[in-house]
Amino acid sequence: MRYFDARIIENRALGNGYFVLRLGGCDSLSGSRPGQFIMLRGDWGRDPLLPRPMSLLSVASEGRADVLAKGVGRGTQLLENAQPGARVSVLGPLGNGFPGPEPETFDLLAAGGVGLPPLFMQAESATKVGLVDRCEMIYGGRTSRDLVLLGEMRALGLGIHLATEDGSVGRRGRVTASLEARIEQHRVSERHLKLRIMACGPKEMLWAVARIAEASGIECYLSLEAHMACGIGVCLGCAVPARSWPFRYTCSDGPVFLATDLVIPAASGVQGGAT
Amino acid sequence: MSSPSSFDSGAGLRLAIRCGGIEFTNPVLTASGTFGYGKEFEGLMSLPSLGGLVTKGISPKPRFGNPAPRICETAAGMLNSIGLENVGVEGFAAAKLPFLRRCGTKVLVNFFGTTFDEYVACGEQLGKLDDIDGLEMNVSCPNIKAGGIEFGRDASVLGDLVRACRSVISKPLWVKLTPNTSDIVALARACAEGGADAVSVINTITGMSIDAHTRKPRLATIFGGLSGPAIKPIALRMVYQIHRAGLGIPICGIGGIQTGTDAIEFFLAGASTVQVGTQNFIDPASAERIVREIGEHCRHHAVSDVRELVGALSPDA
C-alpha cells in the first residue's frame, strides 16, 4: 500500500453518468487483487474534503489502472468532469479482495449497478489464468442504460446474464431473481463443480444475495461499500455489524466478507428484493 | 523513544519546543482518533519526523462504538460519531504499546472514562506504563450522573476532575478541551488551577447533518463531532482567547490544520504545538509535510526559532 500522485490519462463517458477513469503512474497498484480498492481524490482544494473509495476495475501494465464510477455526489461529479492530465492522489491498493478462481469451483458473479468493477476484475483475472469458463456474470440495473462495459465483458469470453427492472434488456426483474434461476440451472448442469457466489452492489441487494446463499448452502462473498474517511482502519467510520465481534471494518477487514461472518438483516416486505 | 532535546533542522533553524512538560523535536503532533495507534501509518510516512503522536482515546475496558453510519462529509469538514471505540487499557498495554515504544517519536496517550472514578483509575493505570511521554485527557464524554452533560463543559466539575487525576498521575497531563462552551477561558483556567500541564484546543464541535431526500439524519446517533478546515476559525479564536487570558498554561492548537501556514497561524494565536487531525485521513503523510512547510515559512520570514512565533500575533488587523 502506498500513497502517491497519479494522472488521469483518459476519462471515458459511458452514458447515464457512468465513466471510466484511466490513471497513469499507478505502478504501486500492480499485483492488486480483484475486490481491492483505492482512496482517490482530485486536486480540488478543501471541498469536498475526503477522498473517495473506488473499487479497481482493471490494472494493466505500465502503471495503468482503471476505475468505474457514476457521478452522483459532488466528489464523483468532479471526477466525472475531470480532464486528462489532471492530477489525483491515490492511496492503495487497500482491502482484501475476492478469493481467486479455481478449477473445481464455479463462481456466480452477481453485480448490481455500479457494483460491477470488482467482479469485472475477477472475471478478467479468471480469463488470465484460463478459467473464464469457471464463472459467469449476472448483472442487473434499473434500465439498459445502467448496464455498461458489456462489450468488454464479452471480449473476455465471459458468460453474461443481464437483468433490468424495466425489462429494457435481459430478464425483467432484479438481479437476485436471475441469480436464483442460475443457481437452479447450475445445480442441474454443473453438479461436479462447487458453486460460489461473489456479489457487489447496493446493500439491499447484497443482503438479499446473502439470504439466497444461506438458504441454498452456497459459499458467498460480499464486497461492501461504506462511507469511510481513511481506508486504512483508522477513522473507524466504515463499521459493519459482524457475528463474531460487534463490528468489522469495511476498509481493513473487507471490503470482501464471507456472508456468514456478517449480521444479515432479515428481509422486510418492501426491501426484500434488490436491484 | 529517546529524542534529542533540541533539534536543528538546518541553516540554524530551531524547531524544537517544550510544551506541557515534554520536549518535542518539532511542534507537530497527530491528533487522537485520526492516527490510530501509530502503526497504521508505518510505511506511509516517517513517524520519527513527527514531534509526537496522540493515540486513540483509551478507556478502562474495551468499547465497541456506535452503530453505522458513523461518519459523513460536510462542507470542508466531516462529522463523526465513532463512539470512542478502543481496545481498553489492558489491550493497549499488551497489543499497542510495544510498537509505540520503538516508533521514534513522543507518545501521548489519550484517555477517558464514563464516570469520575473511571477517569481517575484509567489515568492512574496508564500513567504507570513505561515509555509513555504524557497523557491527554478527553473530557468531552457525557457524565451520566449529571444528565449526560460533558464532563468538560462545567468548569467546576472539570477542575475537580483534573485535580483528582493530577494527584495520581506523575507524567505530563494535558487536557483536551471541548469547544461546546460559552466560556473556553473558564475551562482552561480550571485546568490550569487543577494542575494540568497543557490544554489541547479544540476537540470536535457538536453538529448534525440531514439528508433532505430521505428526511433522515446522516449519522445513526443524529449528532456528531465536526472536524476539518471548517472549524479552524473557531479553534484559532479559542486558542487566542486562552493565550490572551495569560493563564500561563501552554496550548496545543487543534482544528482544521492542513498546511504549515495553518500551523503558523495557531502559533501566532498562542499555541506552542499543534495537532494534525482530519487531514491525516486525506493525506496520510501530511503531518510530515507540515513540519517541512513550517521550516520553509520560518526561513522565508527569517525566523530562526519557532518559539519566536508563539503568541506573536500583531493585534492590529
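Two strands are taken to pair if DSSP finds at least two bridges between them, where strands (E, at least two residues) and helices (H or I, at least four) are DSSP runs numbered from the N terminus. In this sense β1(A) and strand β2 (residues 18–24) of chain A pair in the antiparallel direction over 7 bridges, and A:Asn11 has A:Leu21 as its bridge partner in β2(A). The structure is a predicted model, in which local features need pLDDT of at least 70 and side-chain atom pairs count only at pLDDT 80 or more, whereas totals for chains, interfaces and linings use all residues. Residues are numbered from 1 along each chain as its sequence is written, and chains are lettered from A and ligands numbered from 1 in the order in which they are written.

In chain A, 6 strands form a closed barrel in the order β1-β2-β5-β4-β3-β6 with antiparallel pairing. Neighbouring strands of this sheet are turned by 45 degrees against each other on average, direction ignored. Helix α2 (residues 116–128) of chain A packs on the sheet, where it touches β4 and β5 of chain A, and its direction makes about 20 degrees with that of β4(A); axes are lines fitted to C-alpha atoms, for helices over the stretch in contact, and angles run from 0 to 180 degrees between N-to-C directions.

The domain assignment of chain A, which is automatic or taken from a database, gives domain 1 (2–94) and domain 2 (105–261). The C-alpha centres of these two domains of chain A lie 21 Å apart, and 20 residues of domain 1 are in contact with 20 residues of domain 2, contact meaning that the C-beta atoms, placed from the backbone, lie within 7 Å. On the side of domain 1 of chain A that touches domain 2, the largest share, 5 residues, comes from β4(A).

Chain B also contains a barrel, in which 8 strands close in the order β3-β4-β7-β8-β11-β12-β17-β18 with parallel pairing. The twist averages 25 degrees from one strand to the next. Helix α8 (residues 286–300) of chain B lies across β3 (28–30) and β18 (273–276) of chain B, at about 170 degrees to β3(B).

Between the two chains, the contact takes 23 residues from chain A and 27 residues from chain B. β6 (87–94) and β13 (239–241) of chain A each supply at least two residues of the side that touches chain B.
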